[in-house]
2 protein chains.
Amino acid sequence: MDMLLFSLDRDTSTPLYEQLYEGIKDAIIQQKIAVGEKLPSKRKLSDFLNISQTTIELAYAQLLAEGYIASKPRVGYFVEDIDELPFIEKPINSTPTVQKKRTYKIDFSPGKIDEDSFPFTVWRKYAKELIDLHSKELLQIGDRQGEYELRTQIASYLYQSRGINCTAEQIVIGSGTEQLMPFILRLFDDTNIALENPGYSAIPRNHLEHVAIPVDVDADGLLVDQLEKTEANLVYITPSHQFPTGAVLSAARRAQLLKWAAQKESRYIIEDDYDSEFRYIGKPIPALHSLDQNDKVIYMSTFTKSLMPSLRVAYFVLPPTLLARYNEVFGYYSATVPRFDQHILAHFMKDGHFSKHLNRMRKIYRKKHDKLLSILTRHYPAIKVSGDVAGMHVLIQVPHEKQEHELQQIAIENDISILPISNYLLTPVQLKRPTFLLGFGGIPIDKIEPHLDALMAVWSIDKH
Amino acid sequence: MDMLLFSLDRDTSTPLYEQLYEGIKDAIIQQKIAVGEKLPSKRKLSDFLNISQTTIELAYAQLLAEGYIASKPRVGYFVEDIDELPFIEKPINSTPTVQKKRTYKIDFSPGKIDEDSFPFTVWRKYAKELIDLHSKELLQIGDRQGEYELRTQIASYLYQSRGINCTAEQIVIGSGTEQLMPFILRLFDDTNIALENPGYSAIPRNHLEHVAIPVDVDADGLLVDQLEKTEANLVYITPSHQFPTGAVLSAARRAQLLKWAAQKESRYIIEDDYDSEFRYIGKPIPALHSLDQNDKVIYMSTFTKSLMPSLRVAYFVLPPTLLARYNEVFGYYSATVPRFDQHILAHFMKDGHFSKHLNRMRKIYRKKHDKLLSILTRHYPAIKVSGDVAGMHVLIQVPHEKQEHELQQIAIENDISILPISNYLLTPVQLKRPTFLLGFGGIPIDKIEPHLDALMAVWSIDKH
């Protein structure tokens, strides 16, 4: 071949071998060197360009590795047929369309927690201790069901607080209910799943219609009579505090539901106990799991409400009968929660900080809850409240001629976030009145009245 | 009804209302009180038991909430039909079958990193700064594609190091390749996916046979000719450093593959660039994505090898054309990585520590790589090495009359972990010789020779 024509720049920081590699590569791409053409020998090129043979070797090795040239032993290097491989130097897009999460001046979302009461000092102490040279083995991949230390703490917490008797072996840790739900579903060949309507769906909407059977909810929770008439073999349920209605599954329905599951081998109940820690009258409702004699309940919960949503730690408890199946299906899968975070949480729980935090937060949320209800009762008597005494939101029925989505839109325009119950309806249900979830967890107590007043004002509802 | 017969214990820490609640509940469950029976009025019971009406109200409210009794306004409380609700006090299982992850004295797994060189001090500094009262807003749920700050850093890293031009908006952060793969697949109606054989599978084995089409790999990477004859519309590929063979997809095949994808609207390439940072001769192989003119490549990578496996941070870059679809399908999903960790990583990258760490680690791994190869060449000439010059493992072909799984078993019995290539074969392939992945990332440099000697000794391969 003719000599390659390009100049090497000895004054830049780009190594010479790289300049040579780029030059030859570009020449090949732009077809300045034909396919099959032989490259100059290392010695010849070294003489010509006045650079070391090592530099040329490096450049040729890179071209070889990327397949631009091929080597014939003792003959030389030849240009490969690379079709029309385009190398595009696209300009970097300097004006990205910013898509940051919108925040609102007033936020009644049910998922917000009280951020002022988080024990940062204690948490940081454990974090510091763990991110330490001594825990360098925590850099490697961990147990695929989650760290054993954390699972032990969760098992002990569940026994003491929820009457659930399980071992660490039955627990699987993941990054959230949405991430864990598909895992549970994949354990079954037949996944006709019944979901509460309205309800929380950890299954994507677009996937839902193919797999889910909506079952209605009344003041006593899921209508088990209705469930019995379906083809469902699985049911996803929030018995302690139905989301979003706040209903508690009655004892009669609990018995009926457990009986339903026991009737067929393929039937299972997925109990989501997402915010059972926060009940403001009496004691927590016992978990359905604690009543189950036939290993038919897959218990699921999360630290989202009880600690922080951003930590992304949730878990489920498998009946012993499903453990082998789990190990068979998910042998390949690594736990998704960073190990350091798992150990921080395990230490935090072990030293009693989690129970302490829960007790403290229960009082704080109770105060907010009571305040919210007293304002609604006293000043907005036309608004019907339900689903109270637990959790971090209540339901409000608003007497208004406008539709839910219109009212939501008005709120958004005024920098207020509030979610309508229709967001959680799997099938259209005829509602008497526009109904909303009024979350109070994230609102400072002294802001509850002004925020509520602001919402009512934009909806033109008079304060009494 | 007759008076309830049970005694209250005023000396325990159990509140009186709870004792009353438990007593009545047990009586209902054991059918000592018949269904439909009226409970004594609060006043009457208060007189009889000599406790306050408030205590009784609390107990009744709890029974009501759990559905053991029903209230008829102005008449009283009645026992509900609860079927045969069993409340079991199972004894806690005190001897769990411990299932901790097995560790080995010598570990040649390809997934291990060098844990002695992690910059703990710097990492802890950022962790301390972030777990702070001032970052309390980080407790709430974050952006569902991942934190914008981290996505910006990743975009900038990809531009500088991999020639990839993308914006933060195109990036989705998740907890690992296995967690992200199902996301990508759900973006397509038709998911006939071709996988490299042998190859890494981020899809569970039991699910694989229904969806995956194996395509063979040779010294130039995936056989694109073979791919063209399949019905696949998606292909998952590791072009920079094929896992586990170490092949680099040649320039000709790159062009051919991009052309294949461009031919049909439904075709896409999933490029997994999992350990492109570690190449020990020449410069990194450019990402396939950087050559793509038609928005056909979904680029995917991870911090598993470049930082630590236990952090659980991976990401993919969507072509702009798939963004709308992504938002539609995954509008419900929260990012699975804890926000604090995302911000620690973002700050670490922003201040240049990530590049510094990579440069440092490249040198460390190169030394280990060179050491391993020199020992193999000098002392074990009968062993054929391939897939070298990059990554954290090489392939070795062992001249032995025993089968791969027998050799693996012998190693395990001697407390040595080593993985055979057949673990990564999607369909049986006739291998000339037992072939293993020899990972060196996690082995201290002075242990490489003794560990290798130990392995060869248990396999009865002589040292020369």
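Visitor: What rotation superposes chain A on chain B, and with how much shift along its axis?

Guide: Start with the general idea: two copies of a chain are related by a rotation about an axis and a shift along it. Here, in this predicted model, a rotation of 180° with 0.1 Å of shift along its axis brings chain A onto chain B, with an RMSD of 0.2 Å. That is the relation of a two-fold axis. Copies are superposed by least squares on the C-alpha atoms of residues with pLDDT of at least 70 in both, and contact means heavy atoms within 4.5 Å.

Visitor: Before we go on, how should I read the numbering and the pLDDT limits?

Guide: Residues are numbered from 1 along each chain as its sequence is written, while chains are lettered from A and ligands numbered from 1 in the order in which they are written. Because the model is predicted, local features need pLDDT of at least 70 and side-chain atom pairs count only at pLDDT 80 or more, whereas totals for chains, interfaces and linings use all residues; side-chain values use heavy atoms, with hydrogens and water left out.

Visitor: What is the area buried between chain A and chain B?

Guide: The size of an interface is often given as the accessible area lost when the parts come together. Between chain A and chain B this buried area (1.4 Å probe, summed over both parts) is about 9600 Å², and carbon and sulfur atoms give 59% of it. Chain A brings 105 residues to the contact and chain B 105 residues.

Visitor: By class, which residues make up the side of chain A that touches chain B?

Guide: That side has 50 nonpolar, 23 polar and 32 charged residues. In this scheme Ala, Val, Leu, Ile, Met, Phe, Trp, Tyr, Cys and Pro are nonpolar, Asp, Glu, Lys and Arg are charged, and the others, Gly among them, are polar.

Visitor: Which parts of chain A does the salt bridge of A:D218 and A:R253 link?

Guide: The two side chains meet at 2.8 Å, N to O. A:D218 is in strand 6 (residues 212-218) and A:R253 in helix 9 (residues 251-263), 35 residues apart. A:D218 is partly exposed at 31% relative accessible area, whereas A:R253 is buried at 13%. Buried means under 20%, exposed over 50%, and partly exposed in between (1.4 Å probe, protein chains only).

Visitor: Is B:S301 buried or exposed?

Guide: B:S301, in strand 10 (residues 297-302) of chain B, is buried, with a relative accessible area of 1%. A polar atom of its side chain lies 3.2 Å from the backbone oxygen of B:D273.

Notes: Salt bridge = Lys/Arg side-chain N within 4 Å of Asp/Glu carboxyl O. Helix = DSSP H or I, 4+ residues; strand = E, 2+ residues; numbered from the N terminus. Buried area = accessible area lost by both parts, 1.4 Å probe. Polar contact = N/O pair within 3.5 Å; in protein donor to acceptor, adjacent residues only side chain to side chain.
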